[in-house]
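Visitor: I have a structure to go through with you. Please show it, and then I will ask about its parts.

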Amino acid sequence: MTTPEESGPVVRPAIANIPAYVPGKPPAARPGLTTYKLSSNENPFDPLPGVVEAAVEAAGRMNRYPDMGCTALYAALSERLGVPTEHLAAGTGSVAVIYHLLQAFCEAGDEVVYAWRSFEAYPIAVAVTGATSVQVPLAAGGRHDLDAMAAAITDRTKVVLVCSPNNPTGPAVTHSELEAFLAKVPPHVLVVVDEAYREFVRIDDPVDGVALHRARPNVVAMRTFAKAYGLAGFRVGYAVADPEVAAAVRACALPFGVSSVAQAAAVASLEREAELLERVDAIVTERARVVAALRDQGFDLPDAQGNFVWLGLGDRTLEFAKAADEAGVMVRPFAGDGARVTIGEPAGNDVLLSVTPAFAS
């Protein structure tokens, strides 16, 4: 009989069974063919003027540790959002902050409720803690079924995740819808409003997670610099939360996780927000063009409120992804379900629109 000493180290079952996170792949280079990466919801614009300079200046101090307290970043966010600095907790992207929050509040026997399909990092982050995912099917049109999510909350629920706009399907929750949902949530259950794509929302009554946080201490607003701000390569995200919640998140964070370069770039980006929003408007305008073209082709699309569109192609998803790749466009397929396609450069979007007619219903 083999003893534990002879069989070697044993990975926790919760870790051994974690599904792998699948990132958006870059397109393969092909001679004579311009390729486009529309698989990762990246901002297609180059960095804003002044941001690169701030990053380069910070890189000149790479022999020093970054400010673990994110002092300048927290001060800038505090002024921009109108919240005290002790309500802030930063990390290497909002996904890292979600990991830290779940680690701070969840353990084996606890439950985390969220819509599905939604951000694919959610089940991974939950599994790391040993807690159980409670996945509530999306309603028609790829929308959150908030009534069903409220009904799924039990005495074992510690956290609810609401992704708005929902990645990868696109629809956003309204502020009044979320307020009605929060009225049904026990005050000891944390509700994380994941607003990674909030700048792209163009609906009446959009969610404002920070405003909800001010009214309810169990609400956490989660935001990022990766999408609209174009800092995906630097990894900066943050939570706005009750001081005790924010402190717990910071306690679980990797020391010195957010680099000096990332902090400097984020502060410089906040200082140039007017220019940023002009670029966001351009992406939204291009999104409207792509959505209109796809609907003209016969697609029944969910309401696209992020910087991406969702094609619910079911069993044809991988076939579509292969055809798009061969044409020079890399999309993000979810086998058997659908494909998420980032709104990128107009030329890349045009290539996409040349492939999609063959897959329209």
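Visitor: Does R235 count as buried, exposed or partly exposed, and what is its relative accessibility?
Guide: The model is a predicted one. R235 is found in the loop between β7 (219-224) and β8 (237-240), and its phi is near 60°, a positive value in a residue other than glycine. Buried means under 20% and exposed means over 50%. R235 therefore counts as partly exposed, at a relative accessibility of 31%.

Visitor: What is the relative accessibility of D205?
Guide: D205 lies in the loop between β6 (190-194) and α9 (209-215). Phi of D205 is also positive, near 60°, and the residue is not glycine. D205 counts as partly exposed, with a relative accessibility of 35%.

Visitor: Is T169 buried or exposed, and at what relative accessible area?
Guide: T169 sits in the loop between β5 (157-163) and α8 (175-182). Leaving out residues up to four places away in sequence, T169 touches L138, G142, P302, D303, F308 and W310. Buried means under 20% relative accessible area. T169 is therefore buried, with a relative accessible area of 5%.

Visitor: Which residue does a cis peptide bond join to S164?
Guide: The bond has an omega of about 0°.

Visitor: What is omega for the cis peptide bond that joins W116 and R117?
Guide: R117 is placed in the loop between β3 (111-116) and α6 (121-129). The peptide bond that joins W116 to R117 is cis, and its omega is about 15°.

Visitor: How do the axes of α3 and α11 run, roughly parallel or roughly antiparallel?
Guide: The axes of α3 (residues 51-59) and α11 (residues 260-271) come within 8 Å and cross at roughly 150°. Angles over 145 degrees count as roughly antiparallel, so α3 is, relative to α11, roughly antiparallel.

Visitor: Is the crossing of α3 and α11 left-handed or right-handed?
Guide: In α3, the residues V51, A54, A55, A58 and A59 meet S260, V261, A264, A265, A268 and S269 in α11. The crossing of α3 and α11 is right-handed.

Note on methods
Residues are numbered from 1 along each chain as its sequence is written. This is a predicted model: local features need pLDDT of at least 70, side-chain atom pairs count only at pLDDT 80 or more; totals for chains, interfaces and linings use all residues. Side-chain values use heavy atoms; hydrogens and water are left out. Helices (H or I, at least four residues) and strands (E, at least two) are DSSP runs, numbered from the N terminus. Buried means under 20% relative accessible area, exposed over 50%, partly exposed in between (1.4 Å probe, protein chains only). Contact means heavy atoms within 4.5 Å. Axes are lines fitted to C-alpha atoms, for helices over the stretch in contact, and angles run from 0 to 180 degrees between N-to-C directions. Angles under 35 degrees count as roughly parallel, over 145 as roughly antiparallel, 65 to 115 as roughly perpendicular and the rest as oblique. A crossing is left-handed if the near helix is turned anticlockwise from the far one by less than a right angle, and right-handed if clockwise.
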